[in-house]
Amino acid sequence: MLNTILTLLIFQTFGEGLVYALGLPVPGPVIGMLLLLLYLIWKKDLAVKLAPTSSKLLSHMSLLFIPASVGIIVHLHRIVNEWIPIAVALVISTTLSIMVTAAVVRKLKKAD
Amino acid sequence: MVPLNTIWVYLAGSPLLWLTATLLAYRIAGIVYVKTGNSPLANPVAVSVAILVLILYISNTPYATYFHGAQFVHLLLGPATVALAIPLYQQIGKLRRNWFALLAGSLVGGTVAIGSAMLIAWALGASPLTILSIAPKSVTTPIAMGISEKIGGIPTLTAVIVMLTGIFGAGIAQYIFRWMRVTDESTCGFAFGVAAHGVGTARAFQLSEGMGAFSGLAMGMTGILTAILLPIVLKLIGMI
C-alpha cells in the first residue's frame with residue numbers, strides 16, 4: 001500500500017515539475033498519469049503490484065470531489081440569478097455530448 | 001463543565017470536524033445510494049454535497065473554514081488522477097486497436113460539449129463571465145479551473161459547474177445508452193469520461209473496471225485537448 005502511494009506521489013511530483021518547467025497548459029496530475037502509463041508499458045510487471053491499492057483508491061473517487069463541490073455555497077448568488085441559462089446549457093450540452101461521443105466511437109471502433 | 005455551545009465553536013473551527021463531516025456525509029450518501037437500489041439519481045457526490053451545504057448554511061460556517069479540514073480529502077485527487085494510469089494500462093490492447101475512434105470521439109464530443117454549452121448560455125442571456133466559466137464544464141476539475149483562469153472565467157464557479165455537469169452526466173448516461181442501445185463497455189466508458197469527467201469515471205468504475213478505465217482515458221484525453229485547444233480557438237474567434 002505504502003509503495004503504491006509513494007509511486008503515485010512521485011509521478012505526480014514529476015508531472016507537476018514538468019508542467020511548471022515547460023509552462024504546459026495542463027495540470028500536473030494528468031501529465032503524471034501519462035508518465036506512469038509510459039512507465040507501466042516499459043516495466044510490464046509493475047501494474048499487478050500497484051493494482052490492489054489503486055483500485056481501492058479509485059473506487060472512492062466520488063469522495064474526492066466533495067470538498068470542491070461544496071464550493072457551490074460561495075456561488076449560490078450567481079447561480080440563483082442565472083440559473084436558467086446555466087441549467088439549460090448544462091443539461092442539453094451534456095446530453096448531446098454523451099450521445100455524440102457514443103455515436104462517434106461506436107461508428108469508428110473496430111469489432112472486439 | 002464547558003457549555004455545549006463553546007465546545008461546538010471550538011470544534012467548528014478545527015480541521016478535524018470538517019474532515020470527519022466530509023467522510024460521514026459520504027458514508028451516509030453511500031447508504032442512501034444502496035437503499036435506492038444504486039439509482040443514478042442518488043449520486044453520492046450530490047447527496048454528500050447537499051448534506052454538507054445544509055450543515056454549513058445552518059451553522060453559518062464559511063466555506064474557507066470547511067475547506068481547511070476538507071482539503072486533506074481534496075489533496076488526494078492528484079494521486080487518484082495519476083492512479084488512472086493503472087486501469088488504463090490494463091486496457092492498453094483495446095486502446096492501441098482503437099486509438100483513432102477514441103481520439104475522434106474525444107475531439108467531436110468535447111467540441112459539442114463546449115460549443116453547445118456556450119451557445120445556449122449566450123442565447124439565454126448569461127453574462128460573458130458566466131459563459132466563459134461554463135465553457136470548460138466537461139473537463140475534470142483541476143484542468144477546468146486552470147482553463148477558466150486562462151480564458152478569463154471564474155475558476156471556483158467553473159469548479160461548481162463542472163461538478164453539476166459530472167453529477168448530471170453520470171446520472172443520465174445510462175438512460176441515454178439504453179435508449180441508443182449502446183452496450184459496449186469501452187464505448188460507454190468513453191462517453192462517460194468525455195462528457196462527465198471524473199464524476200462520470202467514478203460512476204463508470206461502479207459499473208465495471210473496464211468501463212472505468214476507458215472513462216478515465218477519455219477524461220485525460222479530453223482534458224488535455226481542451227486545455228490546449230480551447231484558449232487558442234477562443235482567441236481566434238475573438239472572444240478573449
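In this predicted model, helix H1 (residues 2-22) of chain A packs against helix H2 (residues 28-42) of chain A at an angle of about 120 degrees, with their axes 7 Å apart. That angle makes H1(A) oblique to H2(A), since angles under 35 degrees count as roughly parallel, over 145 as roughly antiparallel, 65 to 115 as roughly perpendicular and the rest as oblique. Axes here are lines fitted to C-alpha atoms, for helices over the stretch in contact, and angles run from 0 to 180 degrees between N-to-C directions; helices (H or I, at least four residues) and strands (E, at least two) are DSSP runs numbered from the N terminus. The crossing of H1(A) and H2(A) is right-handed, a crossing being right-handed if the near helix is turned clockwise from the far one by less than a right angle, and left-handed if anticlockwise.

On the H1(A) side of this packing stand Phe11(A), Gln12(A), Phe14(A), Gly15(A), Glu16(A), Leu18(A) and Val19(A), which meet Gly28(A), Pro29(A), Ile31(A), Gly32(A), Leu35(A) and Leu36(A) in H2(A), where contact requires C-beta atoms, placed from the backbone, to lie within 7 Å. The residues of this contact divide into 8 nonpolar, 4 polar and 1 charged; Ala, Val, Leu, Ile, Met, Phe, Trp, Tyr, Cys and Pro count as nonpolar, Asp, Glu, Lys and Arg as charged, and the others, Gly among them, as polar.

Chain A as a whole has 7 helices and 0 strands. Its C-alpha trace spans about 50 × 40 × 30 Å along the principal axes, and its radius of gyration is 19 Å, whereas a compact globule of 112 residues would have one near 13 Å; the radius is taken over C-alpha atoms, and the globule rule is 2.2 Å times the number of residues to the power 0.38. The domain assignment of chain A gives domain 1 (1-64) and domain 2 (71-112), such bounds coming from an automatic or database domain assignment, and the C-alpha centres of these two domains of chain A lie 27 Å apart.

Chain B comes to 13 helices and 0 strands, and its C-alpha trace spans about 70 × 40 × 30 Å along the principal axes. With 240 residues, a compact globule would have a radius of gyration near 18 Å, and the 19 Å of chain B agrees with this. Chain B is assigned domain 1 (4-75) and domain 2 (81-236), with 26 Å between their centres, taken over C-alpha atoms. The contact between them takes 5 residues from domain 1 of chain B and 6 residues from domain 2 of chain B.

Within chain B, helix H8 (residues 99-123) and helix H12 (residues 185-207) pack at an angle of about 35 degrees, with their axes 9 Å apart, and their crossing is right-handed. Leu102(B), Gly105(B), Ser106(B), Gly109(B), Gly110(B) and Ala113(B) of H8(B) make the contact with Phe190(B), Val194(B) and Ala195(B) of H12(B), and these residues divide into 5 nonpolar, 4 polar and no charged.

The two chains also meet each other, in a contact that takes 65 residues from chain A and 95 residues from chain B. H7(A) gives the most to the side of chain A that touches chain B, with 22 residues, and by class that side has 46 nonpolar, 14 polar and 5 charged residues.

Residues are numbered from 1 along each chain as its sequence is written, while chains are lettered from A and ligands numbered from 1 in the order in which they are written. In this predicted model, local features need pLDDT of at least 70 and side-chain atom pairs count only at pLDDT 80 or more, whereas totals for chains, interfaces and linings use all residues.
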